[in-house]
Amino acid sequence: MVANFRKNLVISAILAVSTAFSASLSAAPTLKVGIYLPMSGRTASFGADVYSGMKMAIDEINKAGKVKINAILEDEKSEPTDSANAVKKLINIDKVNIVLGSVASSNTNAAAPIAQAAKIPLMTPASTNPNVTKNGEYISRICFIDDFQGSALAKFAKNDLKATKAAIVLDSASDYSQGLSAAFRKEFKALGGEIVTEVSYQAGDQDFSSQLTKIRTKKPEVIFVPGYYSEVGNMMRQATKLKVKGPFIGGDGWSADELAQLAGDGIEGHFYSAHFSHEDTDPAVQGFVKKYKSLMKKNPSDMAALGYDAIYFAADVFKRNGFKTDAEGLKNAINTTKNYPGITGNITLDSDRNATKPLVIIATHKGGHKFKQRVQP
Ligand code: PHE
């Protein structure tokens, strides 16, 4: 709580500075950007991370002065209903030109129909569930989808970890968890693997001993947990106590500093997929890492990089629309994006308005996670 409170204070202070600064740039063409993110609630770490990258990009763009990003941030509180309300407010009251967010797929899925009905472009930097962009032609994303993420993780389990028996632990009400496990299950079976058990939990659960005890009796060689860091971190800690043998593998939902804090000694030796690694030696990535580190005093997560890309992407779309703010023009510019060079990779949107990009596999360690390999689509 205290940590979140402090993070929010830092964010509002920086936001205040950038707003004051951009007031002097009124001559530049202006894009009104509505941002909705989980700044509080059980996935607040996602909001803080994405917004840290966004804020950095907004400040850079406004300082350069060619265009002005007028950003309005709404907290979606890690909840689908609040996500829908936040987007209603951004569109109906603030009259934004474009909406960016959110992170958890269930929340973006709750908000997207509102943007689609209002015909205002909504682009998510991080929601990976395939259904998100099926909400309509005004909905897009600059990240890969879970069909790719799930099948890459199944291949990693089978080919790299040499596992033939997997258990799946599902967050039962999460669109993300459902979709990612479906993709994993399909590919793992196609490769000749067996799913020895599937168990589930509810978002917010803290005690996973009954699920872990059941898994232990089935002796899987990997435990696939397509969930978010708060539950996964607790699960890892309890798995060590209950002597459940991993490794655990999971997707981008693990990406938060809190994962290791919650897991304690249980963090050692697991694997997850992410959108970006700060260890990437690409000069553009390293330039971003250096700038981010000097500002935030830590390495950027994949979500920080996606947030940074989302703002620059919106500015590029604005430029490609001749600096006009009409929603249809912005939507068409988004949907015809080809080879936009992001920090998280090249962005080309396909006919379903999804990006095809590589992912990275990260190995978790007590002293800091390590880049393991890159997987091309
Ligand atoms: N992909 C996750 C989802 O769709 C959200 C997420 C993205 C979490 C990136 C962490 C990092 O729910």
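This is a predicted model: local features need pLDDT of at least 70, side-chain atom pairs count only at pLDDT 80 or more; totals for chains, interfaces and linings use all residues.
Local features need pLDDT of at least 70, side-chain atom pairs count only at pLDDT 80 or more, and totals for chains, interfaces and linings use all residues. Residues are numbered from 1 along each chain as its sequence is written, and side-chain values use heavy atoms, with hydrogens and water left out. Helices (H or I, at least four residues) and strands (E, at least two) are DSSP runs, numbered from the N terminus.

**Cis peptide bonds**

- Most residues other than glycine have a negative phi, and most peptide bonds are trans.
- G101 and S102 are joined by a cis peptide bond, with omega near -10°.
- S102 sits in the loop that links β3 (98–100) to α4 (105–118).
- The bond from G246 to P247 is also cis. Its omega is about 0°.
- P247 belongs to the loop between α8 (229–241) and β9 (248–250).

**Positive phi**

- K77 is not a glycine, yet has a positive phi of about 55°.
- The loop between β2 (68–75) and α3 (80–92) holds K77.
- K77 is partly exposed, at 42% relative accessible area. Buried means under 20%, exposed over 50%, and partly exposed in between (1.4 Å probe, protein chains only).
- F323 is not a glycine either, and its phi is positive at about 60°.
- F323 lies in the loop between α11 (302–320) and α12 (327–335).
- F323 is partly exposed, with a relative accessible area of 37%.

**Second largest pocket**

- A pocket is an open set of points on a 1 Å grid over the protein atoms alone, with protein on both sides within 12 Å along at least five of seven lines; a cavity is a set where a 1.4 Å probe fits but cannot get out; lining residues have an atom within 4 Å of a point.
- The second largest pocket holds about 480 Å³ of space. Grid points are joined across faces, edges and corners, and a volume is the space filled by probe spheres set on the points.
- Its lining has 23 residues, and the closest to the centre are D257, Y272, H278, S301 and H369.
- The elements giving two or more residues to this lining are α9 (257–263) and β10 (271–274).
- The largest share, three residues, comes from α9.
- By class, the lining has nine nonpolar, nine polar and five charged residues. Ala, Val, Leu, Ile, Met, Phe, Trp, Tyr, Cys and Pro count as nonpolar, Asp, Glu, Lys and Arg as charged, and the others, Gly among them, as polar.
- The second largest pocket lies between domain 1 (2–144 + 281–358) and domain 2 (147–274), because both give residues to its lining. Domain bounds come from an automatic or database domain assignment.

**Cavity**

- The count is one cavity of 30 Å³ or more.
- The largest cavity has about 100 Å³ of space.
- Of its 14 lining residues, V103, A126, Y228, D252 and G253 are the closest to the centre.
- The lining divides into seven nonpolar, five polar and two charged residues.
- Domain 1 and domain 2 both give residues to the lining of the largest cavity, so the cavity lies between them.

**G345**

- G345 is part of strand β12 (residues 345–347).
- G345 counts as buried, at 18% relative accessibility.
- Leaving aside neighbours within four places in sequence, G345 is in contact (heavy atoms within 4.5 Å) with Y340 and K357.
- The C-alpha atoms of G345 and Y176 are 22 Å apart, and the two residues are separated by 169 residues along the chain.
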